[in-house]
Amino acid sequence: MKSPSNNNAQKTQSELWTEYAGLAQAGDKTAYNALLREIAPFIRNYILKSLANPDWADDISQEVLISVHKSLNTYSPDRPFRPWLMAIVNFRRTDYLRKHYNARENKQTTLDDFDFQKAHVTNPTHAGEYKDIETALDTLPDNQRKVFEMIKIKGYTAKEVANEMGMSVSAVKVSAHRSMAKLKAILG
Amino acid sequence: MSEQNLDKLIDGLADDLAPVKPLAHPFIRILPFFAIALLYVAALVFFVGLRPDIGNKFADASWMMETFLMGFIAISAGIASVFLSVPDMRGEKWVIAPPLTTLGIFAVWSTFRAMSEGLHMPVLNMDHCMGEGVFMAAVPMTMLIFMIKSGATTMPRLTCFMNILAAGALGYIGLRFTCIMDTVGHATVSHLVPYVLIGALLGIAAKKLYKW
């Protein structure tokens, strides 16, 4: 297996990524690891400028890295890597923001509605707490929330969730861990 | 995301890496589609039966123009579809212009035809052309969906539109070889409307259909 060449200092960032991506397609884990470590801060800094909440940049960066992993076969080694990456970044950012704003609309029509509370909340005096939890869960991206609910609420194993969601086991564990940390931070 | 979690994610992804074969060039990927789709439509045309005046139609400039425009739409939309199946479209964003331009020419040309020949709008009811048209486009559409799903589109709705344009144009050409009615009204209602309806439904479901 070919490894990244040693004259990296003479190469531009774009050339380096293109080389790493080609090697990653051939199965070079070292080059792939280096590529992901190079692009992660780049993605975060790029999207940060266009987001109202800096926390979202972390979620979107994570989704982009997973998307790069899933679609590595669609990258053409005879083309520069950066335009391919940027297409994914813009796609995931738009997707994330659309989901986020849609979810916010849902939040406004659930526990604020007294008829809904009467029909669905068994102990209305605790409605505020339920609402806090629901609000905190709603801050998670859809996929992350689904992973969290499957592992922490429904009791599936990480492997089962990974199979269901088409993710790696490690990505599932990281996602669940991150969700828990985020919920703790929100709920105190 | 903390540094530690990001490290874990990257390490996890790198550990999961398996060698992948890059998708072939879109022009190569689209060839089997055209070969199979054309054979399928041709087989259905012969199964349904060629229109009795087909010999004269090759001398009919209007029929030839209609068929040529639809043929060009089918080819260019098919090519655009497969370029759209990769995130950066391999830098060839212009490929969506030819099918859209030709569709515009077809619409203008049909409008002029309707003005000069009359629309001859049929009564709106289900006729055999609708069912046959859907059958003719079904297999090409299914093939395109599978082809797109083997990639990763970042424009699901536009991709879906190009898919239905390519499959619908192939079905439309098939119908021009079987249906004896040449009026703009019949072509619009019985040949085009089913594709518009299917396209609208698929457009709504496009994001789920091409989720990755």
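**Contacts between and within the chains**

Between chain A and chain B there are 12 residue pairs in polar contact, both residues being at pLDDT 80 or more. A polar contact is a pair of N or O atoms within 3.5 Å; within protein, one must be able to donate a hydrogen and the other to accept it, and residues adjacent in sequence count only if both atoms are side-chain atoms. The model is predicted, so local features need pLDDT of at least 70 and side-chain atom pairs count only at pLDDT 80 or more, while totals for chains, interfaces and linings use all residues. Residues are numbered from 1 along each chain as its sequence is written, chains are lettered from A and ligands numbered from 1 in the order in which they are written, and side-chain values use heavy atoms, with hydrogens and water left out.

On the side of chain A that touches chain B, the elements giving two or more residues are helices H1 (13-25), H2 (29-48), H3 (54-70), H4 (81-107) and H9 of chain A. Helices here are DSSP runs (H or I, at least four residues), numbered from the N terminus. H4(A) supplies the largest share, 8 residues. By type, this side of chain A has 17 nonpolar, 13 polar and 11 charged residues. Ala, Val, Leu, Ile, Met, Phe, Trp, Tyr, Cys and Pro count as nonpolar, Asp, Glu, Lys and Arg as charged, and the others, Gly among them, as polar.

In total, 41 residues of chain A are in contact (heavy atoms within 4.5 Å) with 32 residues of chain B. The area buried between the two chains is about 3,200 Å², and carbon and sulfur atoms give 65% of it. Buried area is the accessible area (1.4 Å probe) that two parts lose on being put together, summed over both.

Salt bridges (a side-chain nitrogen of Lys or Arg within 4 Å of a carboxyl oxygen of Asp or Glu) number 5 between chain A and chain B. One joins A:Arg37 to B:Asp11, at 2.7 Å from N to O. Over all chains the structure holds 20 salt bridges.

Within chain A, A:Arg178 forms a salt bridge with A:Asp59, with the closest N and O atoms 2.4 Å apart. This pair links distant parts of the chain, since A:Arg178 is in helix H9 of chain A and A:Asp59 in helix H3 of chain A, 119 residues apart.

A:Thr18 is found in helix H1 of chain A. A polar atom of the A:Thr18 side chain lies 2.8 Å from the backbone oxygen of A:Ser14.
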